[in-house]
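Here is a quick tour to read with the sequence and the picture side by side. Take it one topic at a time, and find each piece on screen before moving on.

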Amino acid sequence: MKILVPVKRVIDYNVKPRVKADGTGVDLANVKMSMNPFDEIAVEEALRLREKGAATEVIAVSVGPAKATETLRTALAMGADRAILVQTDDEVEPLAVAKILKAIADAEAPGLVILGKQAIDDDSNQTGQMLAALMGRPQGTFANEVTVEGDSVTVKREIDGGLETVKLSLPAIVTTDLRLNEPRYASLPNIMKAKSKPLDTKSPADYGVDTAPRLKTVKVNEPPVRQAGIKVADVDELVGKLKALGIA
Amino acid sequence: MSGMDPELFEQFIDQLERYVRERLIPAEREVIEADRIPDEIVQEMRDMGLFGLTVPEEYGGAGLSTSQYARVVKTMAYAAPAYRSIFSINVGMFNSAIKNGGTEAQKAEWWPRVAAGEIACFGLTEPGSGSDSAAMATTARPDPDGNGWILNGTKRYITNAPHAAVGLIMARTEKEALPKNAHVSAFIVPMDTPGVTVGSPDHKMGQSGSHIADVILEDVHVPGEALLGGETGKGFVFAMKSLDNGRISVGAAATGYARRALDSALRYATERKAFGEPIANFQLIQQMLAESETEIYAAECMMTDVTLRADRGENILRKAAAFKVFASEMCGRVVDRVVQIYGGAGYLAEYDAERFFRDARIYRIYEGTTQILQLQIAKHMLRDFAAQA
Ligand SMILES: Cc1cc2nc3c(=O)[nH]c(=O)nc-3n(C[C@H](O)[C@H](O)[C@H](O)COP(=O)(O)OP(=O)(O)OC[C@H]3O[C@@H](n4cnc5c(N)ncnc54)[C@H](O)[C@@H]3O)c2cc1C
Ligand SMILES: Cc1cc2nc3c(=O)[nH]c(=O)nc-3n(C[C@H](O)[C@H](O)[C@H](O)COP(=O)(O)OP(=O)(O)OC[C@H]3O[C@@H](n4cnc5c(N)ncnc54)[C@H](O)[C@@H]3O)c2cc1C
């Protein structure tokens, strides 16, 4: 069984994003970029499934600029077998990515597509769901645990009230939540080995997908600055304040 | 200059920075309290490839250039010094000695093993000789029944001796001191050779989690192939050449650790309030921060320069010594200021500042004390001057 793992190049999670002065977006000039953390978890899960013998090949895919090659190299260095870059300088939206992934899935016939539940740049949380709809296959989103048995996959999902378990028949789409696993670090020997792993470069047109944005960003603002708290003298005053706020 | 593909190397540094921040630093307290790096972390460090950084690729290492290797050390040195210590002898001393002097057979035997994470130690210092290392008492005499050697003596303060699979041991092959210290030879001694005993680890001022101990050699028989380079009289030259690399490693470690301490003080100064405002607002605190920043930057520049020169094949003896002296003394000044910025808290074990202060102290002493290196720098200056006159 093949596993397809889409990975996105995003602003590094340690960087404090700054909004461009003209409010058109986040300033990415000279900012450190990395693999979306949820996608790292997806790569890790795919590798573990391969190491357990549940999968034979892990294919990483990225839709993005030429620089996304670095992100794919990281996936390869973590242990993915090969990679596909679908190169575009457009700001791609979830629907376009899902259409491209659908076309790749048609060609590669993976048993599982494991995606991050969302990318930390646009926080869309849509690609996995859209892909499932386009492919007409079952989805297990916000995965906390993934077990493959025969021709089905059992996914424990993180939901508001706790964990929900679903059993999906393969091929299926899984999106990862934060607690699914702890991704490995790419070691020096594996980074060196990854250099010779295959990396194909394609364009959205190769898959007949038009990536022109369907949405228009009107304005991007910094979040409001948090207001300072207040100090209270004693417990009575605290309780009084809480009561006044209707909390206690 | 060879080294690893620069793009891949940056990718590794990226991973390593994360490993340091997310894994090594959070485990520091545990390392210090137990005075031991957990086995699983040592194994992770092996898997990361840290023990074979400078071993050529065809022998199972990463084949890093000197500038790349120094950056790895500096990156690692942002975490507790014990983490660097456990692989530093492999990379700084053992691998370079084998590179500088090893025979093809010695490279083929030992490089893959140390690259895979067998730990090496380096035995030069003795109870009666440290700075004056050529005055060593340990002897190696020809084995009357074969082509091998018999070693006797005691090596002192040997980093990683309690964990080592192999030691590079310096010993006299001549009774009398010879010019260019040709009375000293180097031997590759597996630590499980009969007659090798390791003392119990010494109690140190700082750097908990890394260990030094005596290595006692009593009628230790080694085969002829154990003689580094297959020639007597070269041991000291090999050792001194390897010390260039060791000094770059110490300089890089001191620079990385100074940065760690300063970052910690910077955070503290913005959080701690006195006279109604963060102490970072006071100009006398700012002076300490600015002086430290400036000095760290100077050390970083020296590191870049000396390692690029090494990669170009220049003789860097004087500059490596200068970098080590400056970086280690600078680190001492920075950690002192950091304690000061922490105020009373800087004196307490509860906070990191006092540990930075203790840990940094050794950098001015091992791999050549500041004084010995100053003598060396001046000796070369005077010699060059005399040659020009
Ligand atoms: C934690 C630790 C780890 C170590 N690891 C190793 C190791 O792995 N392998 C190894 O072989 N050794 C190791 N050493 C030993 C270390 O290299 C020596 O301690 C160091 O070289 C100094 O030698 P010494 O202690 O004998 O001091 P001494 O040589 O006795 O020096 C004492 C003082 O005299 C000064 N001095 C000496 N000669 C002169 C001179 N001519 N002019 C002016 N001043 C002088 C020195 O600068 C110093 O200030 C380690 C030591 C420590 C503490
Ligand atoms: C071992 C020990 C024993 C002690 N014993 C006693 C005791 O018996 N009784 C007692 O009362 N206290 C005692 N103390 C407390 C000690 O006197 C204080 O720690 C000391 O006065 C510094 O205060 P602080 O720790 O709050 O540092 P802070 O006041 O927070 O100072 C932090 C740093 O900011 C600097 N700083 C503060 N204000 C300014 C400014 N305006 N401009 C420039 N720099 C500034 C300080 O110089 C210092 O570098 C003890 C402390 C220790 C560690």
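Chain A has 6 helices and 11 strands; here helices (H or I, at least four residues) and strands (E, at least two) are DSSP runs, numbered from the N terminus. What you're looking at is a predicted model, in which local features need pLDDT of at least 70, side-chain atom pairs count only at pLDDT 80 or more, and totals for chains, interfaces and linings use all residues. Residues are numbered from 1 along each chain as its sequence is written, while chains are lettered from A and ligands numbered from 1 in the order in which they are written.

**Chain A overall**

- Along the principal axes, the C-alpha atoms of chain A fill a box of roughly 65 × 45 × 40 Å.
- Chain A has 248 residues, and 40% of them count as buried (a residue is buried if 20 or more other C-beta atoms lie within 10 Å of its own, exposed if 12 or fewer, and partly exposed in between, with C-beta atoms placed from the backbone).
- Among contacts in chain A with a separation of 6 or more, 69% link residues 24 or more positions apart; two residues are in contact if their C-beta atoms, placed from the backbone, lie within 7 Å.

**The sheet in chain A**

- Strands of a sheet pair through backbone hydrogen bonds, either parallel or antiparallel.
- In chain A, 9 strands make an open sheet with mixed pairing, in the order 9-8-7-10-6-1-4-5-11; two strands pair if DSSP finds at least two bridges between them.
- Strand 9 and strand 11 (199-202) of chain A stand at the edges with a single partner strand each, so one side of each has no neighbour in the sheet.
- From one strand to the next, the twist averages 30° (axes are lines fitted to C-alpha atoms, for helices over the stretch in contact, and angles run from 0 to 180 degrees between N-to-C directions).
- Strand 6 (residues 112-116) and strand 10 (residues 172-176) of chain A run parallel, joined by 5 bridges, and A:Gly116 stands opposite A:Thr176 in strand 10.
- Helix 1 (residues 37-51) of chain A packs on the sheet, touching strand 1 (2-6), strand 4 (57-64), strand 6, strand 7 (139-149) and strand 10, and its direction makes about 150° with that of strand 6.

**The hairpin in chain A**

- Strand 8 and strand 9 of chain A form a hairpin with 2 residues between them.
- Strand 8 (residues 152-159) and strand 9 of chain A run antiparallel, with 8 bridges joining them; look for A:Val155 opposite A:Val166 in strand 9.
- Is strand 9 (residues 162-169) of chain A largely buried or in the open? Of its 8 residues, the number buried is 0, so strand 9 lies largely in the open.

**Where the chains meet**

- Here 12 residues of chain A are in contact with 11 residues of chain B.
- On the chain A side, helix 2 (68-78) and helix 5 (188-194) are the elements that give two or more residues.
- That side of chain A has 7 nonpolar, 2 polar and 3 charged residues (Ala, Val, Leu, Ile, Met, Phe, Trp, Tyr, Cys and Pro count as nonpolar, Asp, Glu, Lys and Arg as charged, and the others, Gly among them, as polar).

- Ligand 1 is surrounded by 19 residues, the closest being B:Leu124, B:Thr125, B:Gly130, B:Ser131 and B:Thr369 (a residue is near a molecule or strand if its C-beta atom, placed from the backbone, lies within 6 Å of it).
- Why does ligand 1 lie between domain 2 and domain 3 of chain B? Both domains give residues to the shell around ligand 1, so it lies between them.

**Chain B: a buried glycine**

- B:Gly256 sits in helix 7 (residues 235-271) of chain B and is buried, with 29 other C-beta atoms within 10 Å.
- B:Gly256 and B:Thr75 are 181 residues apart along the chain, yet their C-alpha atoms are separated by 6.4 Å.

Technical notes: Domains from an automatic or database assignment.
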